Amino acid sequence: MYVEGEALSSLILRNIEAFHTSTVPELCRLKLQEIIRHATADGDIDFSYSEERLQCISESLELDLSTLEYINRAPSWGLLLAPCERVQFCPSCVREDLKFIRFPVWRLSWGYTHYTVCDTHLCPLQILKGEYRCNNPLYRINSVGRYIIDFPSETVGAGYSGEIARLVDTLAMVANNVQTQLDTWREQSQDERSDLFFSLLSAVLRAYMKPVDVPPYCYQLSKSLLRENVAPIASHGSSVGDLFFGHTKATSVTARMIGVVMTAVILDIASARAYWQNIVALFSDIGVLVPNNPTWLFTTCTGTADQGVRAWLTNSNGAKLNLPHFLLEELNFP
Ligand SMILES: [Zn+2]
């Protein structure tokens with residue numbers, strides 16, 4: 001049985017570990033164990049299994065090869081987190097899976113940088129951290145099971161209170177609208193529009209170089225909510241281009257959620273601008289001043305026109321990010 005949206009690693013582990021309910025013969029189980037061991041050594045347990053191994057999985061689980069080939073393809077669309085950072089999940093999805101199929105199914109969508117809200121339960125995703133944090137994604141399914149047992153109630157993990165909770169809820173609602181818009185573009189093959197979104201989002205979520213640079217704006221804002229610095233730091237001597245891979249290490253769901261919403265406000269998609277005034281007011285309630293105008297927001301997120309990432313975006317190097325000049329000119333600070 002394949003669960004819609006399941007990652008390949010989850011499918012394999014589910015059939016290895018749930019042996020008491022599985023009909024998979026012992027010999028096949030050993031083969032699957034060998035395959036997942038190789039995938040772990042190769043560095044990514046979710047994608048890019050060899051054709052030969054896919055064939056073996058297909059025969060062992062009596063599953064259609066084309067389905068496996070489809071979920072095996074590393075996405076060319078969207079922004080993926082680095083393999084060891086793919087530790088975000090929806091507690092409600094996990095609880096339901098444990099109840100109905102007795103195994104937490106790991107979703108492919110949880111591996112995306114821009115995916116921060118569960119589209120079924122409309123709640124921000126949780127991150128395995130502290131003692132639940134696993135350096136090897138092979139153990140994330142066990143960790144998530146332990147997490148759910150330790151926090152059986154609906155309000156799992158660190159709950160927000162009062163004004164911050166209202167702000168996080170509003171951000172989550174808008175981020176979910178943006179995800180829906182992105183999914184629609186994907187179905188309609190509107191690559192240019194989604195490329196533009198992802199290019200700007202990777203600039204917004206970039207890494208920074210300590211101590212010459214300050215943390216990008218979305219991390220400063222998430223720090224004002226979480227009281228912890230979660231900005232990815234680039235190693236000394238990284239090129240500006242390398243900074244744009246910060247999104248692969250952007251571990252904070254809150255920071256990414258803010259980044260997704262701000263990108264949508266700048267590009268005027270999914271009615272994000274209509275909600276922005278409300279979000280600005282909610283930030284103001286907790287004593288944080290946020291630009292209410294998309295142009296100022298763009299400047300705050302990317303730096304002034306003559307320096308840093310902004311300059312890099314506007315010069316010829318920026319062309320490979322597919323950021324069109326009309327956007328930059330239109331948004332130019334008068
Ligand atoms: Zn969910």
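Q: Where does Pro211 lie?
A: This is a predicted model, in which local features need pLDDT of at least 70 and side-chain atom pairs count only at pLDDT 80 or more, whereas totals for chains, interfaces and linings use all residues. Residues are numbered from 1 along each chain as its sequence is written, and side-chain values use heavy atoms, with hydrogens and water left out. A cis peptide bond, with omega of about -5°, joins Lys210 and Pro211. If helices are DSSP runs of H or I of at least four residues, numbered from the N terminus, Pro211 lies in the loop between helix 8 (191-204) and helix 9 (217-226).

Q: Is Arg227 buried or exposed?
A: Arg227 lies in the loop between helix 9 and helix 10 (240-243), and has a positive phi of about 60° although it is not a glycine. Accessibility is judged with a 1.4 Å probe on the protein chains only, where buried means under 20% relative accessible area, exposed over 50%, and partly exposed in between. Because its relative accessibility is 68%, Arg227 counts as exposed.

Q: What relative accessible area does Ser271 have?
A: Ser271 is found in the loop between helix 11 (253-267) and helix 12 (272-285), and its phi is positive, about 55°, although it is not a glycine. Ser271 counts as partly exposed because its relative accessible area is 48%.

Q: Which geometry does the site of the zinc ion have?
A: With donors taken as N, O and S atoms within 2.8 Å of the metal (3.2 Å for Na, K and Ca), the protein donors of the zinc ion are Cys90 (SG), Cys93 (SG), Cys118 (SG) and His121 (ND1), lying 2.0 to 2.3 Å from it. Along the chain these donors follow the spacing C-x2-C-x24-C-x2-H. Four donors count as tetrahedral if all angles lie between 85 and 135 degrees. The angles among the four donor atoms are 106 to 112°, so the site of the zinc ion is tetrahedral.

Q: What kind of aromatic pair do Trp106 and Trp110 form?
A: Rings of Phe, Tyr and Trp (its six-membered ring) pair if their centres lie within 6.5 Å, and planes under 30 degrees apart count as stacked, over 60 as edge-to-face and the rest as tilted. By this rule the count comes to eight aromatic pairs. Trp106 and Trp110 are 5.1 Å apart, centre to centre, with 85° between the planes, so their pair is edge-to-face.

Q: What is the volume of the largest cavity?
A: A cavity is a set of points on a 1 Å grid over the protein atoms alone where a 1.4 Å probe fits but cannot get out, and its lining residues have an atom within 4 Å of a point. The largest cavity is lined by Ala7, Asp46, Phe47, Arg86, Trp106, Arg107, Leu108, Gly111 and Arg140. A search of the whole structure finds one cavity of 30 Å³ or more. With grid points joined across faces, edges and corners, and volume taken as the space filled by probe spheres set on the points, the largest cavity has a volume of about 40 Å³.

Technical notes:
1 Å grid on protein atoms, 1.4 Å probe; cavity = no way out; pocket = protein on both sides within 12 Å on 5 of 7 lines; lining within 4 Å. Tetrahedral: all angles 85-135°; square planar, octahedral: opposite > 155°, others 65-115°. Helix = DSSP H or I, 4+ residues; strand = E, 2+ residues; numbered from the N terminus.
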